[in-house]
Amino acid sequence: MRAGPGPPRLLQLPRAPPGTGTGGPAGAVRGDQRTWGPGRREPSRAPHHGRSPLVRAAPRAQARCPGRASRGAEPGGAAQPAPGGGGCPPAWALGSMTEDNETSRRTRANFEDTIRSVKLYLHEEHFPVKAVQQDYRMPDVITVRVQTDSDSFQDVVVTIERPTYHKPFLGGFKNQITGVEFHNAGSQTIPKKRPDKGIQLFCRETQTVFEKNKAQQTRNTTSTQMTKIGLYVSNMTDKLISPGKYLTAEEYHKRRLEAVIVLQKYFRRWHAINVVQNLREEKRLRLAWEAQAELWRKKEKEEKLRREHERRLNPKTKDDFELLYNALELWRQEETERIDRTLTGAERKAAFCGLLEQEAQLIASIGRHKLNADEENQQKAILHFLAKCAQPKRWKAYDGKVTEMDTQYTLRARELLEIYCSISMNDIPKDERLDVLLTLRRTVKEHECKLTQEIVELIDREVDLTSREVKECNLEGLRKRICTLFLQYIKTPKFNPEVARILKVPPDPLKLYKNVNFCHSCENYLPSSEFPVPANSRTIGRCRLCCKLDNEARRREAFLKYKLILENLRKSEADYQDDAKIVFLVQHQDLQYMIENIWGSQSALSACSDLYDLVMVRWDKQHEWSPWNTILLTKDEADAHLKLCNLEKAYEAAFIHRIKRKHIRAKNYFAQIPAMASFLHRSDNQTNANEFLIATPIPTGTKT
C-alpha cells in the first residue's frame, strides 16, 4: 500500500485477542513514531522526510499472523518485516483491503468473529488519532494473499503457531536515507533446557569500580610585609635561625646502625625474658606433675597396703589365704634367724619349741577363718548359680541395643530362686515362715518322687514343731536339711530344665570318661582342667588341690603378684587383636620363673623391684608376645616403650645386646612353646577351613 496526498483513508485490520500472539511487537508505526509491545523499550528514530507517513496500527494491535506487525513503507519503498524474526507479510497482503466503508463492511461480513477495527488517519497534522478497538479471535488457519508480480497475486494458507514464550527484541538498525527500519531476527526454535542437577544455582551481576589516582598539589597563598617608608612592622616575635652542623652520609648511616643495635639489644632482652619465663613455667608444671604423680603413687601404695591388711584380717578368697600363709612363713623365718643369732644350747631348743607351738596355733586360727570363709563363699556361689539360671536370654542387635527375652525355663528358674531365698532367710515371723513352707510344698508336689516326698515330710515336721512353740535354735538343723534337699531339687534338670546348660557334670555319664587324668598324689581321677600344666612340662603332675596343700604346708609362697602381672599381660595382648596364642599357654609358675631367674625381679631400665608396679610388654610390638619377645618394665616405662618406632635408635647397643641374651635364655628354657603355638595356629586354620566347607543338606521331599 502506498500513502499519498489526499483525504485520509481508513484501514481496517483484523485484531487478535490479547495473549494469542507469538511474541512479536504488539503495535504498528504511525508517522515517525513506533508503539512497542509490553515490556519493551521504544528505540529512537529520526523523523521522516516528506508527507508520506507510515501506517500505524492502534496500540496492542496485531496482524492476522501472531507475532508479526504490519508496517508501511516510505514512498517508493517496500514493507519490511516486523520485529521478532517471524517474517509476517505486510499490511497490504493481509487479505482484501478496501478504501471505502462499503468494502470495509463487506470484508467484516466474511469473518465469523468480531473484528476490531483500527481507524488510522494518515494526515496526523490535521486530524487527531482515534482508534476504535473491538475484540477479535484469531483462527488457527488463515489465508494470506501475496503479490508475486506487479499484477498477479497468490493465496497462501498459513497455519498459526502459538509459542509459549515471549519473543525478545533483539535490536536492529534504521536506514537514515529511506527511514526503513530493519529488526534483528531470531529463530523460533524453543531453547533447549539444561538438565537439572538438583542444585539450586544463583547468579549475581557484579559492578567493577574503576579507580584513578592523580597527584595534586594544594595551593597555600601567603604574603609577606616588610618595613618600608610609612609602615612599621615589629620584629619582637622574630626568631634568629642559624644553620646546624652538616651531617655526612657516613655519620648518618653510623647513627642508624647504632640505633639498630640498641633496638636489637632491647628485643633480645625481651626475647630472653620470655624464654626464661617459659622455661620457669614448664619447670613449675613439671615439678607439680611429678609431685602429683608421687602423691598418687604414695596413695596407691597406701591403698594397696590397706587392702593387704584387710585381706589378712578378713580372708575370704584363696589368694587371701595365700597371703596369710606367706606372712606366716616370713614371720617364722625371721623368728628362726633371731633365735639362731641370739640363743644357744637348751634355750635355743626351748625357743624353737615355743615357736613351733605358736605356729601351730596360728595355723589353727587360719583354718577356722578358712572354714567360715568357705561356708560364706559356698552360699554366695549357690546364689550366683541360681541367679545365672534365672537370667533372661540376651543378644545384641545390629544397632547395638541389647534385647532380653524370658522363656518358660527362665521363669521357672526365677520362681525357684525366689523360693530358695525365702527358705534361707532367718529371723522372719512365724506367719511368713509358714506361708513360705506352704508355697514350697505346693511347688515340690508337682512332681512325685522320693526327693519330693522327703521334702514334704520335713516341711510337715517343721510346721508341727512350730505349732508346738519349739525354739528356733532347735529347728536350725531341720531347716538346713530342707534347704539342702530343695537345692538338690533345683539342680535336677527334670524339675529345672534351665540348670542343664550350667551344670559342670554332664547328664550323660559316658562323657565323664573323656579327658580324665589320674593324680598320683591324692589318687583321684579328675578332668584335665584340674591339672596345672607348666609350659616346659612333659608329663601331667599333681592336681591343683594337691599343689595348693603342698604350698601351704612347705613353701607357703604367694602368687598374687605374678597372677596380676599375667592378667595385665593377657589383657594387653587381647587388645592387639592379632590372634596371640603363647600368652595363654603360659601359667603363673612360668611367669614367676621368668621374672625371678631371667629378669632378676626388677625393671630392665630403672631396676625397680616393686612387683606391683612392674608389667611385661612386647619388646617388638610388631610380633606376637613370647618369652623371647618381652621386656620387664614399670608402667610408665612400658607406655613410653610402646610408643617407640625404632628400637635401635632409641636404645644403646649394649642395652639391646643384654636384652637379646635374656631372650636366648628364655627361648632355651621354653623350648616346647614354639611347637605348641604352631600346633594351635594350625588347628585354628583347620577350624576356619572346616567352617567354610560345611554344607547344609537340602531336603528332596516335596513340601505340602
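This passage reports the confidence, overall make-up and selected local features of a predicted model.

The structure is a predicted model, in which local features need pLDDT of at least 70, side-chain atom pairs count only at pLDDT 80 or more, and totals for chains, interfaces and linings use all residues. Residues are numbered from 1 along each chain as its sequence is written, and side-chain values use heavy atoms, with hydrogens and water left out.

The pLDDT is the predictor's confidence in each residue, on a scale from 0 to 100. Its mean over the protein chain is 76, and 73% of the residues reach 70 or more. Residues 1–133 have a pLDDT below 50, and beyond near neighbours in sequence this stretch has 261 contacts in the model, a contact being heavy atoms within 4.5 Å.

The secondary structure of the protein chain consists of 15 helices and 12 strands. Helices (H or I, at least four residues) and strands (E, at least two) are DSSP runs, numbered from the N terminus. Of the 704 residues in the protein chain, 30% are buried; buried means under 20% relative accessible area, exposed over 50%, and partly exposed in between (1.4 Å probe, protein chains only). Among contacts between residues at least 6 apart in sequence, 58% join residues at least 24 apart.

Helix H4 (residues 345–389) packs with helix H5 (residues 408–424) at an angle of about 155°, and their axes are 8 Å apart. Axes are lines fitted to C-alpha atoms, for helices over the stretch in contact, and angles run from 0 to 180 degrees between N-to-C directions. H4 and H5 are therefore roughly antiparallel to each other, a class that takes angles over 145 degrees, while those under 35 count as roughly parallel, 65 to 115 as roughly perpendicular and the rest as oblique. From H4, Gln 379, Ile 382, Leu 383, Leu 386, Ala 387 and Cys 389 meet Thr 410, Ala 413, Leu 417, Tyr 420, Cys 421 and Ser 424 of H5. The residues of this contact comprise 9 nonpolar, 3 polar and no charged (Ala, Val, Leu, Ile, Met, Phe, Trp, Tyr, Cys and Pro count as nonpolar, Asp, Glu, Lys and Arg as charged, and the others, Gly among them, as polar).

In helix H11 (residues 588–598), the buried residues are His 588, Asp 590, Leu 591, Gln 592, Met 594, Ile 595 and Ile 598. Their cover includes helix H10 (560–576), strand S11 (614–618), strand S12 (630–634) and helix H14 (653–669). Just after H11, Gly 600 has a positive phi of about 70°.

Lys 563 lies in helix H10 and is partly exposed, with a relative accessible area of 30%. Leaving aside neighbours within four places in sequence, Lys 563 is in contact with Asp 319, Glu 322 and His 588. The C-alpha atoms of Lys 563 and His 588 are separated by 5.8 Å, although the two residues are 25 apart along the chain. Asn 551, in helix H9 (residues 544–555), is buried, with a relative accessible area of 5%. With the same exclusion of neighbours within four places, Asn 551 is in contact with Arg 556, Glu 557 and Phe 559.

With a disulfide taken as a pair of cysteine sulfur atoms within 2.5 Å, the count comes to 0 disulfides. The sulfur of Cys 519 is 3.4 Å from the closest cysteine sulfur, in Cys 522, too far for a bond. Cys 519 is buried, with a relative accessible area of 0%, whereas Cys 353 is exposed, at 54%.
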